[in-house]
Amino acid sequence: KRQDQVSLRVLAFLKDLDNEALPEVTIQSGRCARCLTCLRLCPHAAIDVGPRISVVTEACQSCGICVAGCPAGAIEMEGVHLEADIDRRLQAPAATVDAADQTAPIMVFGCARSAAQALTVARDMGHVLPAQVQFVEVPCGGTISSNHLLSAFEAGAPGVMLCTCHTDNCQSQIGNQVACKRAEGVRELIRAAGLESDRLRFATLAANMGNELIFMIKDFVDQIGSLDDS
């Protein structure tokens, strides 16, 4: 892996890529416990283990898998502020049939390379999201941590949906697999807390599946409505 990192740096120099803006990713040494979770998770060999753990920006693809997986919250990625975005979306109540009755929105997290593009396709076709849904675009399904999913429920979201790329179609190689495992773990946690596990749904799709995305979301909204009525 170190040889790969050196090669990337040499190529960046030769192509004058060192003058281009690269993603800002920092590991706070004061918080880093050197557990090497980031090294194990990173699919791009972008973690360098030396006197201090650091990120090789030439190799980093800004998928955010390491940020979500760091148990100490020691990794910061420029432009990725999901906690603030989630809080902002949840503070915008979803309109229900009775305008006087406002509820927290159903949260849908979607990968920028699949679900977010599918949503653009759907909108170009004239589709609109249900009023009670807030869509949050993320760099990769692996950017979403278990805490992000749990925080949405703790803030009152009646349902959470996580949409990633299909198996073997993830640019981050393992982002969708990591996301699936995290979703399965959170389903067990919310079940133990007394919530129906069906309030969290994991789905995969491709960038051209606009119709399918809208169908999935509407089906999930109907499912949450049935759970609320039961």
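Helices are DSSP runs of H or I with at least four residues, strands are runs of E with at least two, and both are numbered from the N terminus.

I noted that this is a predicted model, in which local features need pLDDT of at least 70, side-chain atom pairs count only at pLDDT 80 or more, and totals for chains, interfaces and linings use all residues. Residues are numbered from 1 along each chain as its sequence is written, and side-chain values use heavy atoms, with hydrogens and water left out.

Next I checked burial. Of the 230 residues in the chain, 45% are buried (under 20% relative accessible area; exposed is over 50%, partly exposed in between; 1.4 Å probe, protein chains only).

Then I turned to the nonpolar cores (buried Ala, Val, Leu, Ile, Met, Phe, Trp, Tyr and Cys residues joined through side-chain atoms within 4.5 Å). The largest has 24 residues, and M161, C163, L205 and I217 touch the most other members. Among the elements that each supply at least two residues of this core are β7 (106-111) and β9 (160-164). The helix α8 gives the most, with 8 residues. Another core, of 17 residues, lies apart from it and includes F109, A157, V160 and I190.

Last, I searched for disulfides (pairs of cysteine sulfur atoms within 2.5 Å) and found 0. C42 is in none, and the nearest cysteine sulfur, that of C63, is 6.2 Å away. I recorded C42 as buried, with a relative accessible area of 14%, and C180 as partly exposed, at 23%.
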